Amino acid sequence: MAFSGPVPNDKLYMEQVRYGKDEQQRRKESPILVSGDDVAKLLETNQGVYMVDPRMGFNNRTHRLFVSKHVPTEAEDSKAWKTLGHRHTVEAVIHWLTGKGYSIVDGKRYDWEAGDFICVPIFAWHRHVNLGDEPAIHVASTTGPLYMGIGQAVYEDERYPEYWIYAQQGEDALRTLIPGGAIEAVENDAKTQAGRLYAEQVAFAFNEEHRRRQSRVLVRGSELRFEQTAMGNVAYVVDNRIGFHVKALSTVVAEIPIGKRSGAHRHLYDEIDYVLSGNGKCIINDQSFEIKKGDTLAVPVFAWHQYFNTGGTPLRILAHSTRPAMENLGLVLTHQGELADH
């Protein structure tokens, strides 16, 4: 929208006043369930499928969910990544559903197999190689919508160097995990409070790069530890409290035993759930959804939600949320309702 001059206070202020009420209605109208059958059909003829994204009509404003297929010959494919792969100024958590191979993340190799997770640091070049005979499939969540919303989403892909922004500025910019390059921190010998505070700003990017490079990347599916909580049996996968340098994204896996239910809760952050195994039912506010392996649920902000295992095997839910982002803004609120019966 082109700038057309100043606007009277009351017009814009009333838009602000109405926003919360209007947003509640938008959340009610947002899609929730994405059929795994529909996704599988699309994946037969495509290399990837988006399940949840605000550009598709979902009210999720902070992260998305998609599935990607990596063919066995990808390493030799003229259209595939060769050395760098791609990088982006958004957080990403990848879960391998099928296959066996390795990922190169910031120059380091991480071998993975079905069930494992990869957490990619912001702006780290990464690429994936499928060592099997069949396609390797992963489901991933990224915080692209959040960073697009604040104008800080940058995607650089070695297949499309004409769209590079920072990488084309030289070798230093190509290697850094900080957009624009992180200069080496200098000794802070400022004598005043303002001097010290400004020196911390200058040093932040250098220290942030170090923190990103020290962060955890690989999580083995075989090492997940399910422990009892008010919401049920939960394994924390990616979280800033267990060694991952993430500021916006968090990942858990929940397991509901046969004939049992999870707890019920709601929270002031986006959540996207992917059914890893089993069959069941999910109640979101006053709506009930039958769910099965491969289905996706986009849980609206502050909507009560609860899961029930109605099948003959454990029901496992992969849950991505942007709780850390909201915590950093001071806007997290979680209400616990009915407790899980484990």
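This is a predicted model: local features need pLDDT of at least 70, side-chain atom pairs count only at pLDDT 80 or more; totals for chains, interfaces and linings use all residues.

Residues are numbered from 1 along each chain as its sequence is written, and side-chain values use heavy atoms, with hydrogens and water left out.

**Sheet**
- Six strands form an open sheet in the order β2-β3-β10-β5-β8-β12, with antiparallel pairing; strands are DSSP runs of E, at least two residues long, numbered from the N terminus, and two of them pair if DSSP finds at least two bridges between them.
- At the edges are β2 (48-52) and β12 (218-219), each of which pairs on one side only.
- β5 (residues 92-98) and β10 (residues 136-142) run antiparallel and are joined by six bridges.
- W96 has H138 in β10 as its bridge partner.

**Helix across the sheet**
- Helix α2 (residues 36-43) lies across β2, β3 (64-70) and β10, and runs at about 155° to β2. Helices are DSSP runs of H or I, at least four residues long; contact means heavy atoms within 4.5 Å. Axes are lines fitted to C-alpha atoms, for helices over the stretch in contact, and angles run from 0 to 180 degrees between N-to-C directions.

**Largest pocket**
- The largest pocket holds about 880 Å³ of space. A pocket is an open set of points, on a 1 Å grid over the protein atoms alone, where a 1.4 Å probe fits, with protein on both sides within 12 Å along at least five of seven lines. Points are joined across faces, edges and corners, and the volume is the space filled by probe spheres set on them.
- Its lining has 33 residues, of which S68, W81, H86, D157 and R159 are the closest to the centre; lining residues have an atom within 4 Å of a point.
- β3 gives the largest share of this lining, six residues.
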